[in-house]
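User: I am new to this structure and would like a short tour. Could we begin with the overall fold?

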Amino acid sequence: MTGLIALEDQHRFDKVHIEISNVCNLQCSFCPVVERKKGIMELEAFVRILDQVAPLTRQVCLHLMGEPLLHPHLAAMIEACAERQVPVLLVTNGVLLREAKHVALLNPTVRQINFSLHSFRDNFGDQDPSAYLERIFRFTEQALTERPDLYINYRLWNLQDPRGTGAHNLDMLAAIEHRFRVQVGPMQDVRQRKSIRLTQRLYLHFDTEFVWPSLDLPERGTQGRCYGLTTHFGILVDGTVVPCCLDKEGVIQLGNVNSQPLIDILSAPRAQAVLQGFQEGRLVEKLCQRCPYISRFKVGKSKKRRNRLEFPSNHLS
C-alpha cells in the first residue's frame with residue numbers, strides 16, 4: 001500500500017461534482033452527447049447526497065454534464081449548500097441567465113462561476129452575441145459590487161494560437177475589453193498562460209480542446225496519473241459514483257449513493273485499487289487506459305492539491 005489518504009480526513013477532496021442534471025439546452029461540438037438516460041435530480045435526493053458529501057469536500061460543483069441553470073430547484077440546492085457551509089462552483093453556458101436567477105447565484109456560498117462563452121458561437125453561428133454578453137456583463141457588474149469575493153471566469157476554449165484562430169474569439173475579446181476597460185495584449189500567448197486577470201476577481205480563462213475518454217478509443221498504455229479520487233470525484237444524476245469528472249457515461253461505476261453509504265463506496269476495493277494505481281503511476285481501469293487527458297499529467301511524484309483554475313472539471317458547459 002502507498003499510504004492512501006484516510007477517508008476520515010475532514011475536507012479530503014478539493015471538489016465533488018454532483019450532477020444535478022445531465023440535460024443541456026445546447027449541444028456543443030466540444031461536449032459529447034450524453035448517452036445515459038436523461039434525468040434531473042430531485043431536491044430531496046440532492047440534500048441526502050449533500051449531507052454525505054459535505055464533510056469530505058472543500059466545495060461542490062453542481063455539474064458534471066448538463067446545464068445547472070436548467071434545474072427548477074437550483075436556488076434551493078444552493079441554499080442547502082449554504083446551510084451546510086459548503087462552497088459552490090457553477091459551470092454554465094450562460095444562455096439562460098436572467099435577473100431572476102441573480103439572487104441565487106449571488107448567494108455568499110457560491111464561490112466561483114465559470115461562463116463558457118465559447119458555447120454561443122458553437123451553437124448560434126454568426127448570430128449577434130450582444131444580448132447574450134450583455135446579460136453576463138450585467139450580472140458580472142452586479143457581482144463585482146455585491147460579491148467582490150466571487151470568482152468569475154470568462155472561458156474561451158478551443159484556442160490553438162494566441163488570442164484565438166478566428167474573428168469570433170477576437171470579437172468576444174473586444175467586447176470584454178471594451179466593457180471592462182482592459183486590454184489583453186496582442187502578444188499574450190494563451191497557450192502558455194491560461195488565466196488572465198481582468199479586474200478584481202474577474203478572469204479570462206483559455207484552453208485547448210481535448211478528446212474525451214471512451215472505451216471505443218485505442219489503449220494508450222497502463223502507466224499514468226490522474227487526480228480522480230485524490231482531489232475530486234463525481235456523482236451522476238442517478239447517484240452513480242465515478243472516480244473522475246470525465247467519466248460522463250459512468251463506465252467506472254464505484255457504487256450508487258442512493259443504495260450504499262458514500263463512505264463505504266469510497267472505501268471499497270474497486271475505488272481503492274483505482275486510487276492506489278494513480279498514486280503509483282498505474283492505470284487500473286480500461287477507461288483510464290484510453291483517456292487522452294491523462295497525457296497532461298506527468299508521471300512523477302503525486303500532488304495532493306492543485307491550483308483552483310487547473311481542474312479539467314471546470315470544463316463542460
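**The sheet and its surroundings**

Analyst: In this predicted model, 10 strands make up an open sheet with mixed pairing, in the order 6-7-5-4-3-2-1-8-9-10.

User: Which strands stand at the edges?

Analyst: Strand 6 (195-199) and strand 10 (255-256) do. Each has a single partner strand, so one side of each is left without a neighbour in the sheet.

User: In which sense do strand 8 and strand 9 pair?

Analyst: Strand 8 (residues 232-235) pairs with strand 9 (residues 240-242) in the antiparallel sense, over two bridges. Within this part of the sheet, Gly-234 stands opposite Val-242 in strand 9.

User: And the helices? Which strands does helix 1 lie across?

Analyst: Helix 1 (residues 43-53) lies across strand 1 (15-18), strand 2 (60-61) and strand 8, and runs at about 165° to strand 1. Helix 5 (residues 130-146) lies across strand 4 (110-116), strand 5 (151-156), strand 6 and strand 7 (202-206), at about 155° to strand 5.

User: How many helices does the chain have?

Analyst: The chain has eight helices, along with the 10 strands.

User: What share of the residues is buried?

Analyst: Of the 317 residues in the chain, 56% are buried. The accessible surface comes to about 13,900 Å², and carbon and sulfur atoms account for 49% of that surface.

User: Changing topic: how many salt bridges are there in the whole structure?

Analyst: A search finds 12. One of them joins Glu-134 and Arg-179, with an N to O distance of 2.7 Å. This pair links distant parts of the chain, since Glu-134 is in helix 5 and Arg-179 is in helix 6 (residues 167-180), 45 residues apart.

User: Which residues are linked with them in a network?

Analyst: The network of salt bridges links Glu-134, Arg-138, Glu-141 and Arg-179.

User: What about Arg-270: which residue is its salt-bridge partner?

Analyst: Arg-270 forms a salt bridge with Glu-285, and the closest N and O atoms are 2.8 Å apart. Arg-270 belongs to helix 8 (residues 269-279), whereas Glu-285 lies in the segment after helix 8, 15 residues apart.

User: Is Glu-285 buried or exposed?

Analyst: Glu-285 has a relative accessible area of 12%, under the 20% cut-off, so this residue counts as buried. Arg-270, at 35%, is partly exposed.

User: And how far apart are the closest N and O atoms of Glu-83 and Arg-84?

Analyst: They are 3.6 Å apart, and the two residues form a salt bridge. Glu-83 is exposed, at 57% relative accessible area, while Arg-84 is partly exposed, at 27%.

Definitions and conventions:
Residues numbered from 1 in each chain as written. Predicted model: local features only at pLDDT ≥ 70, side-chain atom pairs only at ≥ 80, totals over all residues. Heavy atoms only, no water. Pairing = 2+ DSSP bridges. Helix = DSSP H or I, 4+ residues; strand = E, 2+ residues; numbered from the N terminus. Contact = heavy atoms within 4.5 Å. Axes fitted to C-alpha atoms, helices over the stretch in contact; angles between N-to-C directions. Buried < 20%, exposed > 50% of the residue type's maximum accessible area, 1.4 Å probe, protein only. Areas by Shrake-Rupley, 256 points an atom, 1.4 Å probe, with all protein chains shown as cover. Salt bridge = Lys/Arg side-chain N within 4 Å of Asp/Glu carboxyl O.
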